[in-house]
Amino acid sequence: MRHLLDIVDLTTEEIDELLDTADDIIANPDKYRDICKYKKLATLFFEPSTRTRLSFESAMLSLGGSVLGFSEASSSSASKGESVADTIRVVSCYSDIIAMRHPKEGAPLVASMKSAVPIINAGDGGHNHPTQTLTDLLTIRREKGRLHDLTVGFCGDLKFGRTVHSLISALSRYENINIVLISPDELKLPSYIKKDVLIKNGITYEQTTDLCAVMGKLDILYMTRVQQERFFNEADYIRLKDSYILDREKMEYAKKDMCILHPLPRVNEISTEIDDDPRACYFKQVANGKNVRMALIMKLLEVQA
Ligand code: CP
């Protein structure tokens, strides 16, 4: 039985296969209509979500399966003090696969040790978000035609942004990737990721606070929201929340084929005036999320079209 807790649980060959399947799902959706008939996906969301939970549920329904679960901890017995381990033992009696989101880093790992069915990490605290990474990789590959020879800028909250951490881990395994880290000093990428991922894999990277100064070299700009829910101090959040706002003026510095990604939700960091720019790919990213989650559910349930 396989789980997906961290993007490095998948080899790059497996990722490429999942992206190939997602491309085929987009081209031939009817082929996949009933292949998870009688299978049940449980979505256990101890933290808020729009895209991840609904795309998982939509993915399973599109495969002919069924969904059950909860969208907030307060409507589950976690509110009465039940542990993650016990919750998972119970829900794995009722379902064939579980996607879970939890505010505590490592909660999906604990779940995987007690589960009788595959566990998918749908985001754990400020740690990892591997299925967002599959979404991001599919979008990059569909927009740029490759996952190698790219200069990728990450802008905003690189400290708490779990989607950033997972995508950097994934990209570091492809050829000739250059990373540009753009953030306020207080929200820099954690040192352990620089050491264990970037330096260990020989990835060239630079850090800056100045988005406009580096914009012209980027093939991909990955914008992120400042993660209010991870701050201990409201005043710090208020001070940092609008550090970067991508607008038409800043886009003047960008390549004509630069691709703008954002895991969403967006707050202020991308002006809505950018939404109609052909380089804005964040709503295509949303659509890709459902298709690559269909491919992942099939892989972990070991079903084929
Ligand atoms: N990208 C993402 O994880 O969005 P949600 O928080 O809405 O699931």
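I began with His129, where a side-chain N or O atom lies 2.9 Å from an oxygen atom of the ligand; I count a polar contact as a pair of N or O atoms within 3.5 Å. The protein buries 91% of the 260 Å² that the ligand exposes when taken alone, with areas from the Shrake-Rupley method and a 1.4 Å probe.

I note that the model is predicted, that local features need pLDDT of at least 70 and side-chain atom pairs pLDDT 80 or more, and that totals for chains, interfaces and linings use all residues. Residues are numbered from 1 along each chain as its sequence is written, and side-chain values use heavy atoms, without hydrogens and water.

I then looked up two further ligand contacts. The side chain of Thr52 places an N or O atom 2.7 Å from a ligand oxygen. For Arg51, a polar side-chain atom is 2.9 Å from an oxygen atom of the ligand.

Which residues surround the ligand? I list Ser49, Thr50, Arg51, Thr52, Arg101, His129, Gln132, Pro263 and Leu264, taking a residue as near if one of its heavy atoms lies within 4 Å.

I found zero disulfides in the structure, the criterion being a pair of cysteine sulfur atoms within 2.5 Å. Cys281 is in no disulfide, and its nearest cysteine sulfur, that of Cys259, is 3.4 Å away. Is Cys281 buried or exposed? I recorded Cys281 as buried, at 2% relative accessible area, and Cys93 as exposed, at 63%; buried means under 20%, exposed over 50%, with a 1.4 Å probe and protein chains only.

How values were computed:
Polar contact = N/O pair within 3.5 Å; in protein donor to acceptor, adjacent residues only side chain to side chain.
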